[in-house]
Amino acid sequence: MKGKRYDMQFGVCGINYKKADLDIRDKTSFTDLKKAEFFQQAGKEGIEQCMILSTCNRSEVYFLYETEAQFDIVCGIYEQMFSEAVPGEYMISMCSGTAMEYLFRVAAGLESLVLGEDQILGQVKEALDFSRTMGYDGKELNKIVRDAITCAKRIKTELKISEKPLSVSYIGIRMVEEHTGIAGRSVLLIGSGKASLLALKYLKEYGAGKITVCSRTFSHAGRLQEEENELQIIPYEKRYQCMAQCDIVVSATTSPHTVIRREDFEPAAPIIFLDLAAPRDIDMGFKEHPLVYLINLDTLQKIAEENRQQREQLVEDSQAVLEEALEGTRKWMLQSRVDDTIQSLQQRCSHIVEDSYNYLDRKMELGRREQKLLKKVLNASLQRLLRDPIQELKQLDSKEKQDEYKKMVNELFHI
């Protein structure tokens with residue numbers, strides 16, 4: 001901060017997915033240029049600590065302010081900046097402890113569309129880094145955001161919410177990994193839509209070997225090749241021939257008919273079928289085959305729902321961790337209100353020590369060792385005198401008491 005801090009409060013305003021549809025969220029998205037413009041406008045109104053969190057699902061401004069008028073001004077700047085989207089209907093705004101708790105929940109993924117997701121934590125870090133780059137971070141903002149990040153990491157470490165996957169594609173690929181392992185295995189991927197792209201991503205993460213793609217539309221399969229240029233693409237009609245050479249088959253088409261029919265394929269070696277389609281791509285007749293391990297959406301959706309319920313329970317369990325962390329940050333914020341008084345007391349102490357030392361040094365013939373000892377003794381004595389008042393100031397648990405004590409200290413010590 002460029003100046004004295006008096007009664008700093010924490011606030012947030014903006015919109016997120018809970019109040020606004022995708023069209024509104026698109027219109028209220030911050031570019032880096034818009035962020036810089038927002039900082040500049042807020043700075044003119046005395047806002048010197050500010051962070052903008054802009055993701056696909058949220059467009060929020062976190063800031064420190066001193067008066068209710070400043071809080072309203074920041075919200076007004078936001079509304080004016082996105083006036084074409086009429087954000088007033090969708091705005092959220094919170095202050096003090098409520099705003100702080102909201103940031104802690106956001107950082108931990110507890111306010112995300114996918115409960116407990118990890119991506120938001122990195123986005124919060126990037127938002128703080130951008131504020132620092134623009135010169136709009138500060139002691140209080142850094143403390144609050146870093147405490148929120150630390151709390152989020154603790155929740156993720158202790159409760160492992162994100163380890164309960166909700167994506168059926170990921171659950172399916174992980175089931176394949178647990179059953180037989182994926183690293184180095186040959187895979188046939190049938191289909192070229194979003195589900196196939198997601199499955200491809202997870203297969204690569206688990207170190208799949210040769211991956212072959214087939215799709216009814218050859219050009220669509222080419223799009224997957226843009227994501228992974230080592231893919232081999234074959235005509236859809238050759239899927240059975242390729243299948244005979246593969247360890248794993250993942251099918252994720254939008255076909256209304258069965259894509260892999262039991263009467264058209266007889267496995268000669270162990271093979272895993274992962275069916276991510278609805279309606280089913282793979283004939284249920286394979287389920288009884290001794291060489292086949294079949295996974296389909298019936299199983300995957302059941303697991304996804306169980307994981308969702310477990311995540312919700314873990315979110316409830318995380319509240320205790322969150323409250324403990326919040327209490328520490330709130331206490332720090334309260335204590336920071338008396339920092340200027342403590343600093344003034346210590347400066348007053350330094351002046352007294354310096355005046356006393358200069359007087360005694362003139363009156364006494366002291367060597368360099370005695371001079372240093374004298375200054376240390378004088379400083380230690382006065383610091384000892386101030387220790388209890390300073391501790392008392394730090395332990396005050398209300399703004400009213402702080403204001404009363406600060407006034408008293410200022411009058412007693414002529415600060």
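## Buried charges

Buried means under 20% relative accessible area, and in this predicted model Arg58 counts as buried because its relative accessible area is 4%. Its salt-bridge partner is Glu60, with the closest N and O atoms 2.9 Å apart, and Glu60 is likewise buried, at a relative accessible area of 0%.

A salt bridge with an N to O distance of 2.6 Å joins the side chains of Lys18 and Glu111. These two residues lie 93 residues apart and link distant parts of the chain, Lys18 being in the loop between S1 and helix H1 (22-27) and Glu111 in the loop between H4 and H5. Glu111 is buried, with a relative accessible area of 10%.

## Other salt bridges

Arg132 and Asp137 also form a salt bridge, their closest N and O atoms being 3.6 Å apart, and Arg132 counts as partly exposed at 32% relative accessibility. Through shared partners, salt bridges join Lys18, Arg105 and Glu111 into one network. The count of salt bridges comes to 17.

## Nonpolar cores

The largest nonpolar core has 39 residues, and Phe10, Met51 and Tyr62 have the most contacts inside it. Among the elements that each supply at least two residues of this core are strand S1 (9-16), strand S3 (58-65), helix H5 (119-134) and helix H11 (297-336), while the largest share, nine residues, comes from H6.

Leaving aside neighbours within four places in sequence, Met51 is in contact with residues including Phe39, Glu60, Tyr62, Leu103, Leu128 and Val145. A second, separate core of 26 residues includes Ala199, Ala208, Val250 and Leu274.

How values were computed. Residues are numbered from 1 along each chain as its sequence is written. This is a predicted model: local features need pLDDT of at least 70, side-chain atom pairs count only at pLDDT 80 or more; totals for chains, interfaces and linings use all residues. Side-chain values use heavy atoms; hydrogens and water are left out. A nonpolar core is a set of buried Ala, Val, Leu, Ile, Met, Phe, Trp, Tyr and Cys residues joined through side-chain atoms within 4.5 Å. Buried means under 20% relative accessible area, exposed over 50%, partly exposed in between (1.4 Å probe, protein chains only). Helices (H or I, at least four residues) and strands (E, at least two) are DSSP runs, numbered from the N terminus. Contact means heavy atoms within 4.5 Å. A salt bridge is a side-chain nitrogen of Lys or Arg within 4 Å of a carboxyl oxygen of Asp or Glu.
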